[in-house]
Amino acid sequence: MGNNTSAEHKTGLAEELSGLIDRLDATERFAAELDRSGKGHGNDATRRRRIAVRLISAAACLAVIVGTGIALHSSYGAPKDTYTDPAMAYAEAEKALMTISEKMSGCADRTAEAQNTVRRQLETIREIF
């Protein structure tokens, strides 16, 4: 069932993007026609061209926003449960936390050594000056 939903999202996305591309193409052709027909009309042609450019820009922004939203929505689904046995899940979580704890304690030891080194160097500098 999950694969069908994903396929439906992809098909719907493809149709939506295809329609958006068609609308953008039509707007672009409209802007090109305005540009061709308005060469000798001065300010009126310029105003139409600006409107067309703004419409194309707005449509492009909308396409980016919609595409990003759909991509984020489809890529971030609900997390899947990986363990059916709660005891096994607890054991794996405990194992992961122990690994993290061991790595952190190693860092704490190195930090303490670094503090001692800095303290000795500061004492040496104070003795000299």
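Is cysteine 61 buried, exposed or partly exposed? In this predicted model, cysteine 61 counts as partly exposed, at 46% relative accessibility, where buried means under 20% relative accessible area, exposed over 50%, and partly exposed in between, with a 1.4 Å probe and protein chains only. Cysteine 107 is likewise partly exposed, with a relative accessible area of 38%. When a disulfide is taken as a pair of cysteine sulfur atoms within 2.5 Å, the count comes to zero.

The model is a predicted one, in which local features need pLDDT of at least 70 and side-chain atom pairs count only at pLDDT 80 or more, while totals for chains, interfaces and linings use all residues. Residues are numbered from 1 along each chain as its sequence is written, and side-chain values use heavy atoms, with hydrogens and water left out.

According to the unreviewed UniProt entry, residues 51-72 carry the annotation "transmembrane region"; such positions are given in the numbering used here, feature names are shortened, and annotations may be inferred rather than shown by experiment. In the model this span is 100% helix and 0% strand, and its end C-alpha atoms lie 31 Å apart. Helices and strands are DSSP runs numbered from the N terminus, a helix being H or I over at least four residues and a strand being E over at least two.

Threonine 27 belongs to helix α1, which comprises residues 2-37, and is buried, its relative accessible area being 18%. Its side chain reaches the backbone oxygen of arginine 23 at 2.8 Å. Apart from neighbours within four places in sequence, threonine 27 is in contact with Ala52, Leu55 and Ile56, contact meaning heavy atoms within 4.5 Å. Threonine 46, by comparison, is placed in helix α2, residues 43-75, and is partly exposed, with a relative accessible area of 35%. The C-alpha atoms of threonine 46 and leucine 34, which are 12 residues apart along the chain, are separated by 9.0 Å.

Side chains of opposite charge can pair when their charged atoms come close. With a salt bridge defined as a side-chain nitrogen of Lys or Arg within 4 Å of a carboxyl oxygen of Asp or Glu, the count comes to one. This salt bridge joins arginine 29 to aspartate 25, with the closest N and O atoms 2.6 Å apart. Because arginine 29 and aspartate 25 are four residues apart in helix α1, about one helical turn separates them. Arginine 29 is exposed, with a relative accessible area of 52%, whereas aspartate 25 counts as partly exposed at 36% relative accessibility.

Conventions
A polar contact is a pair of N or O atoms within 3.5 Å; within protein, one must be able to donate a hydrogen and the other to accept it, and residues adjacent in sequence count only if both atoms are side-chain atoms.
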